[in-house]
Amino acid sequence: MNIKFIQFQSHGDNRGSLVSLEQNKNIPFDIKRVYYLFSTKNGVRRGFHAHKKLKQLAVVLKGSCRFLLDDGIEKIELLLDNPSQGLYIESFIWREMFDFSEDCVLMVLADSIYDEEDYIRDYEEFKKIVINDI
Ligand code: T46
């Protein structure tokens, strides 16, 4: 599956920790957009889509949440609970986010500006596209 965890260098000292994110260095693309999810209500599940082109990197800045990722062949569930780690997700990966802790702040870096045309929001359509591509 075209996903991976990226471990960031954490600059820690007796004051605390600092992580720096730089495009085309520890982030594998030009950063065109940053958005973040917070105050997610208890029991909520979000996402339910894949992207045609978009590449993204998700970092939980506070708290935790889980991702379900599906490339049409396999499905995996991952826990994000470490601000020193980013989850890199390429295109044509179906994603759902759930089990948000009350304090969760999920930041996402994206390689393109927002474009609703890039979304595949119908799971059957997603399956058809990826299966025809194999
Ligand atoms: C993704 C997961 C991880 C904007 O106006 N600009 C933006 O940049 C984004 C991301 C969203 N929006 C609007 C569109 C909707 O009216 O914000 C509303 C909520 O977006 P959506 O329902 O797509 O949110 P999620 O949490 O289901 O998905 C988001 C991203 O859209 C998506 O690309 O991979 O987070």
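Strands β5 (46–51) and β12 (119–120) pair in the antiparallel sense over two bridges. Here strands (E, at least two residues) and helices (H or I, at least four) are DSSP runs numbered from the N terminus, and two strands pair if DSSP finds at least two bridges between them. The model is predicted, so local features need pLDDT of at least 70 and side-chain atom pairs count only at pLDDT 80 or more, whereas totals for chains, interfaces and linings use all residues. Residues are numbered from 1 along each chain as its sequence is written, and side-chain values use heavy atoms, with hydrogens and water left out.

Strands of a sheet pair through backbone hydrogen bonds, either parallel or antiparallel.

Both pairings belong to an open sheet of five strands, in the order β8-β7-β10-β5-β12, with antiparallel pairing. The edges are held by β8 (75–80) and β12 (119–120); each has a single partner strand, so one side of each is left without a neighbour in the sheet.

Apart from this sheet order, strand β2 (residues 10–13) pairs with β3 (16–19) in the antiparallel sense over four bridges. A hairpin of two residues joins β2 to β3, and D13 has G16 in β3 as its bridge partner.

## The largest pocket

A pocket is defined on a 1 Å grid over the protein atoms alone, as an open set of points where a 1.4 Å probe fits, with protein on both sides within 12 Å along at least five of seven lines; lining residues have an atom within 4 Å of a point. Grid points are joined across faces, edges and corners, and a volume is the space filled by probe spheres set on the points.

The largest pocket holds about 240 Å³ of space. Its lining has 16 residues, of which Y35, L37, H49, Q56 and M97 are the closest to the centre. Strand β5 gives the largest share, with four residues.

By class, the lining has nine nonpolar, four polar and three charged residues. In this scheme Ala, Val, Leu, Ile, Met, Phe, Trp, Tyr, Cys and Pro count as nonpolar, Asp, Glu, Lys and Arg as charged, and the others, Gly among them, as polar.

## Accessibility and backbone

A residue is buried under 20% relative accessible area, exposed over 50%, and partly exposed in between (1.4 Å probe, protein chains only). The table lists this value for several residues.

| Residue | Relative accessible area | Class |
|---|---|---|
| C65 | 0% | buried |
| C104 | 1% | buried |
| F48 | 34% | partly exposed |
| Q23 | 42% | partly exposed |
| D99 | 48% | partly exposed |

Two of these residues have a positive phi without being glycine. The phi of F48 is near 60°, and F48 lies in strand β5. D99 has a phi of about 50°, and its place is in the loop between β10 and β11.

Contact means heavy atoms within 4.5 Å. Leaving aside neighbours within four places in sequence, Q23 is in contact with F29, D30 and I31.

K32 and I113 are 81 residues apart in sequence and 5.8 Å apart in space, C-alpha to C-alpha.

## The cysteines

A disulfide is a covalent bond between the sulfur atoms of two cysteines. The criterion applied here is a pair of cysteine sulfur atoms within 2.5 Å, and the count by this rule is zero disulfides. For C104 the closest cysteine sulfur is that of C65, at 4.4 Å.
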